[in-house]
Amino acid sequence: MDYSIKQNDVVAKAFKNAPNNNQMLSPKIQRDITECFAKEVLGHVMKEIGNGVFSLLVDECRDVSDKEQMAVVLRYLDKCGLVQEKFVGVVHVEETTSSYLKSCIDLLFSQLGLNLEQVRGQGYDGASNMSGEFNGLQAKIMNENKSAYYVHCFAHKLNLVVVAIAKKIFEVGDFFDMVSVLLNVVGASCKRKDQLREHHQEEVRKAIGCGEIATGTGLNQELSLQRPGDTRWNSHYKTLLGLSKMFSSVVKVLEYVEKDGTDTGKRRQARDVESTKRELEKLRTNEGWDSLMRKVYCFCEKHDIPVLDMEDAYVNPKKPRQKTGINNEHYYRVDCFFAVLDLLGEEFNDRFNEVNSELLLCMSALSPSDLFSRFDKAKLLKLAKHYPDDFNHQDMVTLEHELGLYIDNILHDTRFSSLDKIGDLAKLMVDTRKHLSYPLVYRLLKLALTLPVATATVERFFSYEDCEECFA
């Protein structure tokens, strides 16, 4: 009522003169008014979509009352060429089987006046009952609409790759287990956290005094050790990054725990710092083995960590008396470093299927970055072939001709010279009316932007700790 009064003078006057028994403030009336607001908002969203295409984003979660809820978001391009992701409802589901979820979506679509034939993409968080290759929800929808391509949330896929490697390569798993123990010891009390913070601040002051690090607005912010989480794929990297920056301070706290700690179990765990130092040799893998080793040696020298002779025989810490027959370099380079890289390739191939990869590869040809350097007519024609309901044979012939005219015109228009993202391209095409001059190209652009690559938006309705790492 407060909102309505502020928005409408007639309502404000009526409310002011209304008798006390007609203030419209009872819970039932308030819920009715809220439902009216919801219908108005949904009506506006449905009007924006009209007969156009959209992608379906779905996530399910159990609420505090132990009831399964399903949130639904629609992704589409509005008439201004802007990507919109609109929340259209939360549905209580008695079952989480794919068949039941499909029936709930059918019911919601009928209530909203939508049709499954309009769907051009599906995005889910990867739960088994929603992303099964054959029996899941995505398969059921694709049985009715071949153009409703399923895209498993890329942020979750990247996370699953990291988690899978930690589970399949024991050395990597042991390393992250050790990091977890380290965080438990260092962060076990407010006193230890304060010690860590004070030691790090002192290290920063010394580094600034020596001119090792620069100063300025936003630099040298207070750091903390973030715990890695299985649902946030880059949290492992952030944890290791924070650990490497605060390593000397962490060692100071561990030395205090080992010397003065009252918990004998925690004191024993603190001695793992030597193992953690050795495990940090496997921290960086960005520029290949040689580059990795240079960074490792630099890190060890900075923190006075003994460096292994890579030519010495490798000793298995779990079986120190048993000869391994290999040297340290073979173990760390082949058994650890190469094994991780090989498994990364396998996991990416398993989780990013051929259709998804081809769609993304073809979509990249629309990118306006670097003066449309990725433009490729053949890839864009291949992308159009994935949508037979949107491009018939005559459209394909016309599209090939239109693409040539489009790229020539765009490259000679300085207004398009500084673009970087596909979303910016769509908006500028609408602003300059080029979406009318090249309607088939814009249709292709619209389909590319409609396809979801992350389900962070729909997950926000269940948790504020949503995926931050999504493709631009």
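## Helix H9

In helix H9, the buried residues are Arg192, Gln195, Leu196, His200, Val204 and Ala207. The model described here is a predicted one. H9 covers residues 190–210, which makes 21 residues. From its first C-alpha to its last, H9 reaches 30 Å, close to the 30 Å expected at 1.5 Å a residue.

## Salt bridges in the whole structure

How many salt bridges does a search of the whole structure find? The search finds 10.

## A pair within helix H3

Asp32 and Lys28 meet through their side chains in a salt bridge, with 3.6 Å from N to O. Both residues belong to helix H3, which runs over residues 27–49. Because Asp32 and Lys28 are 4 residues apart in this helix, about one helical turn separates them.

Are these two residues buried or exposed? Asp32 has a relative accessible area of 35% and is therefore partly exposed. Lys28 has a relative accessible area of 55%, so Lys28 is exposed.

## A pair between strands S2 and S3

The side chains of Arg75 and Glu85 also form a salt bridge, at 2.6 Å from N to O. Arg75 is in strand S2 (residues 68–77), while Glu85 is in strand S3 (residues 83–92), so this pair ties together parts that lie 10 residues apart in sequence.

The relative accessibility of Arg75 is 14%, and Arg75 therefore counts as buried. For Glu85 the value is 25%, so Glu85 counts as partly exposed. The cut-off that applies here is 20%: a residue under that value is buried.

Asp395 and Arg443 are joined by a salt bridge in which the closest N and O atoms are 3.5 Å apart.

Asp395 has 18% relative accessibility and so counts as buried. Arg443, with a relative accessible area of 30%, is partly exposed.

## A network of salt bridges

Salt bridges can also link up into a network in this model, and the residues concerned are Lys102, Asp106 and Glu144.

Terms used. Residues are numbered from 1 along each chain as its sequence is written. This is a predicted model: local features need pLDDT of at least 70, side-chain atom pairs count only at pLDDT 80 or more; totals for chains, interfaces and linings use all residues. Side-chain values use heavy atoms; hydrogens and water are left out. Helices (H or I, at least four residues) and strands (E, at least two) are DSSP runs, numbered from the N terminus. The expected span of a helix is 1.5 Å times one less than its number of residues. Buried means under 20% relative accessible area, exposed over 50%, partly exposed in between (1.4 Å probe, protein chains only). A salt bridge is a side-chain nitrogen of Lys or Arg within 4 Å of a carboxyl oxygen of Asp or Glu.
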